[in-house]
Amino acid sequence: MATSPQADGESGTVFSAETYFATQPPPSSLEQDVARVKEFLQRQLQDGRKVVLVTSGGTTVPLELNVVRFLDNFSAGTRGATSAEYFLKAGYAVIFMHRQFSLQPFSRHYSHSTHPFLDFLEIDESSQSATSASSPRITVRPSEEPQLVEVLSTYKAVHRAGTLLTLNFVTVNDYLWLLRAVSQEMSILGRSCLYYLAAAVSDFFLPRQKMSVHKIQSGKGSLHIEMDQVPKILKPLVAEWTREGFIVSFKLETDPNLLLPKACQALARYGHQVVIGNDLHRRKFEVVFVSPKSSSSSASQPSAYEESWLRIDLNKDPHKEIEEDIVAELVKRHEGWIRNAT
Ligand code: PMT
């Protein structure tokens, strides 16, 4: 039986993961998504591939059941989509669980805001299309061809190999249900699975039972909404759903002084393998890996953790992506994790 949410004097109601799942309804697509995940994992298991779950993009918190307004979390999905490509390159199969319409592997190179696809296509009036004699041919601007050939051939090869599965979420509720289901399925892989939790997950939400059915009306002065705390989902992920997986979470801060203490705090609380700390304004060229010291006897002491900074020089190489080095480092650590299984 579900326990009731606890009232907490400072921050309203605190849901445990158990209470959350007992009181909030699953998304309608969950069963179908789980069937796709099962089929995907069976194939990767047969092929002996390691699997990484990449979460990417921000979750929303709807304020109404017929949703017109919602709170959003910052994330374009660049970190997740870019990292997914490097994991595929390293031989992993990837479950890419992302916020609907955020960036995706491969298509991210042609984002409508930074590199619109239509801008590098040209209409060649002098020749005819292969399928219709009345239409002219479409060609790619020559300067764009080398990159397009590279991206397209990798994209097609990944499709042929069947090593990328894409799942969508929008709300924090979709995210929590999906993360639980996918991680429970992935646990069949034991130490061969890696979790790369780059999504920006809402910390507060409105339980369904407290939501207004229709659009909240204006005209009555200011709006007061009391939100409840989303359960810290890393806790059951590590302790119950996937005990052998190699789990990497991210910590985003805007105050650089908080980055290391918060990363250590997360490791002490959840007992997982790595926290990658990133400062909002420096995240494209600097991150810090924080992990338990291998020889440490007490993981609850701050001194029990070691930090390792990873930096790239974008002045020297403006096309370098820090995710390439992040993934290379994690692949190495994950191999060690698999080797150390006794
Ligand atoms: O997509 P980009 O624009 O490139 O940006 C990438 C990024 C900056 C969003 C990414 O690199 C990043 O830092 N993501 C994590 C953002 C963050 O700090 O989220 P958080 O504080 O809400 O969560 C920290 C960790 O706790 C996360 O790994 C999350 O999985 C976990 N968490 C969060 C909320 C919750 N209720 N339960 C959790 O377990």
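Domain bounds, as used in these exercises, come from an automatic or database domain assignment. The structure is a predicted model.

**Exercise 1. The two domains**

Determine into which domains the protein is divided, and find which elements give two or more residues to the side of domain 1 that touches domain 2.

Solution. Start with the assignment, in which domain 1 covers 17-107 + 162-216 + 225-244 and domain 2 covers 251-342. Next, take the centres over C-alpha atoms, which places domain 1 and domain 2 at a separation of 21 Å. The contact is then found to take 13 residues from domain 1 and 15 residues from domain 2. On the domain 1 side, the elements that contribute two or more residues are H3 and helix H6 (234-241), and H3 gives the most, with five residues.

**Exercise 2. Packing of H3 against H8**

Work out at what angle helix H3 and helix H8 pack, and which residues make the contact.

Solution. Two packed helices are described by the angle between their axes and the distance between the axes. For helix H3 (residues 78-89) and helix H8 (residues 322-339), the angle is about 55 degrees and the axes are 9 Å apart. The crossing in which H3 passes H8 is right-handed. Finally, the contact is made on the H3 side by Arg-79, Thr-82, Ser-83, Tyr-86 and Phe-87, and on the H8 side by Glu-323, Glu-324, Ile-326 and Val-327.

**Exercise 3. The surroundings of Ala-263**

Decide whether Ala-263 counts as buried or exposed, and list its contacts beyond four places in sequence.

Solution. Ala-263 is located in helix H7 (residues 256-270). A residue is buried if 20 or more other C-beta atoms lie within 10 Å of its own; Ala-263 has 25 C-beta neighbours inside 10 Å, and therefore counts as buried. Leaving aside neighbours within four places in sequence, Ala-263 is in contact with Lys-251, Val-275, Gly-277 and Val-290.

Note on methods: Residues are numbered from 1 along each chain as its sequence is written. This is a predicted model: local features need pLDDT of at least 70, side-chain atom pairs count only at pLDDT 80 or more; totals for chains, interfaces and linings use all residues. Axes are lines fitted to C-alpha atoms, for helices over the stretch in contact, and angles run from 0 to 180 degrees between N-to-C directions. Helices (H or I, at least four residues) and strands (E, at least two) are DSSP runs, numbered from the N terminus. A crossing is left-handed if the near helix is turned anticlockwise from the far one by less than a right angle, and right-handed if clockwise. Two residues are in contact if their C-beta atoms, placed from the backbone, lie within 7 Å. A residue is buried if 20 or more other C-beta atoms lie within 10 Å of its own, exposed if 12 or fewer, and partly exposed in between; C-beta atoms are placed from the backbone.
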